[in-house]
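This report covers the interfaces of a multi-chain model, along with a salt bridge and a helix pair.

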Amino acid sequence: MNLSLLIILPLVTAMAVLFCKGLKQVRTVSLIGASAQFLSALGLLWVYWKERAAGNNSQFLFDFNYTWFAPLKIHYHIGVDGISVAMILLTAFVVIAGVLVSWTQETLNKEFFFLLLFLSVGAYGYFISLDIFTLFFFLEVAVIPKFLLIGIWGSGKKEYSAMKLALMLMAGSSLVLVGLLGLYYNTNLDGAHSFDLVEISRMHIDTAVQNLFFPFAFIGFGIFTALFPFHTWVPDGHSSAPTAASMFLAGISMKLGGYGCLRVATYLMPDAAHHYAPVIILLATIAIIYGAFATMMQKDLKYINAYSSVSHCGFVLLGIGMLTQTSITGAVMQMVSHGLMTALFFAAIGMIYSRTHTRMVEQLGGLLKVIPFISTVFVIAGLCSLGLPGFSGFVAEMTVFMGSWQNPDKWYRLATILSCASIVVTAVYILRAAGRSLMGVVANNQYNQLTDATWNERLAAGLLIIGIVAIGIAPFWLYQLITPGTEFIMQQVGKAVSLK
Amino acid sequence: MGLDFLILMKQEWAVIAILFILLFIKVGSKEWNNENILNLVNVLLLANFVAGLFGNRDGILFNEMFKTNQLIVTEKNILSLGTYIIALQSYSWLKNHKHVLEFYMLLLSTLLGMFYMISAGNLLMFYLGLELSSIPLAALANFDLEKRKSSEAAFKFIISSAFSSGLLLFGISLVYGLTGTLTFSDLSQHLNGSPLQIFAFILLIAGFSFKISAVPFHLWTADVYEGSPVTVTSYFSVISKAAVLFVLVTVLYTVFKPLAITWYNILYVLSVLTMVIGNLFAIRQRNLKRFLAFSSIAQVGFILIGITGSSHAGSASVVYFVLIYTFSNLGAFGVISLVSAITGKEHIEDYKGFYKSNPFLSWVLAISLFSLAGIPPTAGFFGKFFLIMAGAGQGNYLLIIIAAINMIVSLYYYLKVVKAIFMDANEHPIEKLRIPPSPRLAFYICIAGILLTGLMSYVYEYIFSLSTGF
Amino acid sequence: MSQIGYMMFALGVSKYGGENGLGFTGSMFHLFTHAFFKSSLFLGAGAVIHLVHSNDMRDMGGLRKLMPVTHIVFLIACLAIAGIPPFSGFFSKEDILTAAYHSNRLVYTVALLTTGLTAFYMFRLYYSIFWSRNTTVQETHHGEGTLSMKIPLVILGICSLLAGFVPISKWVTSDGAALETHIEPGFSALPVLLALGGIGMATLLYKSENTLPRTIASLLGGFYRTAYKKFYIDEVYLFITKKIIFNGIGRPAAWIDKNIVDGFMNLLANITGRISEFIRGFQSGKVQNYALYFFAGIIGLAVVFIYLLN
């Protein structure tokens, strides 16, 4: 399968959108494009399985290498392993759901859908890149559309949030830039340097160099995935963004960071990953607990979900920091699960907001009686978030905990226990939010006239729920998909240990 | 020698020919109307650019006073292209101007001066070219004849320029006194890094820095940029700067190679100062021209990082970045020039709600600014990445970190303009502007340049193959 | 809740393997029987609530005539939970008590007393719903409920009655080997008597409306109030969540995030702005100053690179 298709499809759709007239055409074209992406992502999963079943054990499948900037040894090198396939699937789910919930986006619809689709170009490109220049390129491609999406179509203090998000993410990518260049100039491939992920992973980078540049890369990517204390763009950014942008932001964009931490920082600099593991775990634990407590005090539904994302993304970093096979697999599962769950959550919040024009918990109430479908979606997302078995959140978090526990260090175990305990806090804020806004008496007489979800909203929510339940009930397929990828990472990490 | 001097100096001859054509029209009895002149000039400049692309040879003329090679030709072509774009953009402004012919004659004289400067094989020749390119610029800065600010800008420029030229000349005379030669190829053998040589070198660097407005030799920039007509400002900030940068790279990489450690450190200091001060000033600017002036100072800081790379990739990246910078900055200036010519508005506040009335211009401005900020997929990303990458080759990561921080700051103020255009509401936005065909063409060229020069890697590969390295 | 406690404590007194595994088996057995009588109780309560539209016991009373089926099932379930033979609870409780007896006398005593207490409170419930004063609920538009409500009730009632005869000790044991259990009438008498005592007391107090309960309540004073408030456990929880977690941790965390962590990010931006404001003065607009800076730049570079670095 030609992986470039994943970049070309959204790009072509985005271009086609520019030539459309009127909302009807724009959204139809976008939906066709998003469905095509969705199908090709499913197709990718299918051919990937087939290839693996046929006994292809190479690390990356569908490898394609084109020399881009020959004098600088920059290649357009793409390929996928199970981790990337999982992330691509996630992206496809979120994109199609995002297009569906924006179905009635009246103002500047052409630009809106263009930017959404353009953002997905960045995400797909990022997940298939095997050259760290290309990867960095796509990482930055995804920044500015977010700025515009929030700033133009957002609500509240949108300009402030948009600017903050853009600057903090740019700060992240600047750090990544330093890290990548440091790595690049310390590679030695027959006297030349290399950006190629596979090639770098085969050579041994000096430990001192790794220790110097690992923090740049890790914190840089970490900012994207709400690493404490660089997470402050998350609440403001998510809460100001329009629904689809929040979904993309939390569902896709935050995953770029986690993926980068894993694929670039940890995989290419395993010695340093060991060296800095205590710091990572400390920060992740703080993010988990502190994020959960901070969430408890939020009154705005979007803030609740945004802060809880800080807490949930902490599990991703925790899993990566623990450096065991299971914990890293769990981290990837958590990325997928959180992506789907939080997209669903934001979709539900958006649906509520578009009807009631408020997101304040105390102004809502009794919604279950007037808009049962949306409320149910909300509850499902909430239950997934608090880790109820049967939904993906439980599977992912459980895997992270199990993996973390395998690390015998007693302080790490303490971190695991504390993180585990945070689930209680999660339950508190989720149930409180759900209870106050959905149960009880209808808070406002006008709410009685509200209409329940339209077909597009039902479809969007349905797709995401299918994803969540598919992972929650049958996690093995995802586990098996990811495991070969994490095994390669563990080999790398294991090599680092044996060298010590 | 034979006809060599005709062929090797082909590009100069072309400019001279255009100058004469314009002169004949001026002295001729027939009254031309402005639009015809403008169209004619545009066609001639296009022809000049196209002619520059073909039939070039390497060679040396007049006792190494004049040299040319593929890289120099390419550099001149970049300048020609930039001048062509500026000519297209100035259409709205010059349409009703009384002295169109004079404007272009002055403009082309400076272009000619830059060509000679780039091709110079001798410090004196370089100085000659430099002066030919700056003195007419002062006259151009004064071209908004009714505006006092314009005259002020011209006056400030000529005074500062004279000051810097004086010191530059002082430096050149010191070099001559110490080495007994001014020819580039001989000079490098006589350089040994003695204190007086370093002092002379610092004077030369100061002269260059004045032209490319590196801090602390940049102070004239803001006032002159603000006062001059927008077209002239864009010429200042792109073409004039680009020419000096080209020479700077060549001179440092070949002539002053023996002093490499010294100039590396000097450029290190200058680039940090330039980035930081340029950015800090740019944050506060309300006037778009002034804003772009300071942002272009900061850009020079990044270019200096590329130069410090002292490698093949370094010199290639600088030329490549200048090409991209030409497209990006001219794209931005083009919009400002058009708006300023029709409405007279130049402040960031005036651009609030601009997107509602002028979506096309807004996108052009936004894409240009993104490119300046180094956001992919615009070419600016590649340009900046390669500059920083070249700089990182020296292993000085502190410089790279400072550059990275400055990229964030610069993103802030570029996005501030984008915010005004797209997000801020305005009761009386700039009305819908009609874009005449030639500026429209210029916008298309800029946008195409911004989108393609980065993604199409062979532009970089071509420049890389031409540059000689360190 | 108290029954779950029973099971847990049975697990606790259990040892692994053979006869000693009786606690484990008993626990599982009780879990099994408990499922039936507890669901009968809940379903019955549900049916009652459906009828009277309230779940406050004070609104109920004398319902035995209005809902005969529910009444019978509820009664069976209560007898089962009280551990009266031959209802299912008797058998499973028996196992647990035997295990406790062999393990620890103190525990056994406590368990024994609880048996009485359970019987007492279950029958208090039973009487106040179905006996007590005459019904306050007038003829409602629907009777006891549809057939679909009654059938499950009946099934569960039958199960509560018979589940004790299932030879579960043969199937579920701690080590997989079947375990013979037998009823020793001597041993069983005590818990059954206690349970009957509990029932008797409940009958005395609650069968018909009278002032006796209030008198006793006032006699017991503080203990009654504490029990009435569920031993204040809910209050403690509420205190911990509301006061300590919300105010003590959540609010500071949110505050720190907004003011310190985020404040730091904003501070960085503000400092940049301040410096920018500060250095504005250098751009004075006077050419003579510009020349001065120019010259200073040259001197500065010269000093640094000729004298300091050379």
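## Salt bridges, interfaces and a helix pair

A search of the whole structure finds 17 salt bridges over all chains, a salt bridge being a side-chain nitrogen of Lys or Arg within 4 Å of a carboxyl oxygen of Asp or Glu. The model is predicted, so local features need pLDDT of at least 70 and side-chain atom pairs count only at pLDDT 80 or more, while totals for chains, interfaces and linings use all residues. Residues are numbered from 1 along each chain as its sequence is written, chains are lettered from A and ligands numbered from 1 in the order in which they are written, and side-chain values use heavy atoms, with hydrogens and water left out.

B:Lys149 pairs with B:Glu226 in a salt bridge whose closest N and O atoms are 3.0 Å apart. This pair links distant parts of the chain, 77 residues apart: B:Lys149 is in helix α8 of chain B and B:Glu226 in helix α11 of chain B. Helices here are DSSP runs (H or I, at least four residues), numbered from the N terminus.

The table gives the buried area of two interfaces, defined as the accessible area (1.4 Å probe) that two parts lose on being put together, summed over both.

| Interface | Buried area | Share on carbon and sulfur atoms |
|---|---|---|
| Chain B and chain A | about 3,500 Å² | 85% |
| Chain B and chain C | about 2,500 Å² | 80% |

Between chain B and chain A, 39 residues of chain B are in contact with 37 residues of chain A, where contact means heavy atoms within 4.5 Å. B:Phe385, B:Met389 and B:Met423 supply 19% of the area that chain B buries against chain A, more than any other three residues. The count between these chains is zero salt bridges.

Across the interface of chain B and chain C, 34 residues of chain B are in contact with 24 residues of chain C.

In chain A, the axes of helix α13 (residues 301-322) and helix α14 (residues 325-356) come within 8 Å and cross at roughly 170 degrees. Axes are lines fitted to C-alpha atoms, for helices over the stretch in contact, with angles running from 0 to 180 degrees between N-to-C directions. α13(A) and α14(A) are therefore roughly antiparallel to each other, the term used for angles over 145 degrees. Residues making the contact include A:Phe315 and A:Val316 of α13(A) and A:Phe345 and A:Phe346 of α14(A).

Key
Helix = DSSP H or I, 4+ residues; strand = E, 2+ residues; numbered from the N terminus. Parallel < 35°, antiparallel > 145°, perpendicular 65-115°, else oblique.
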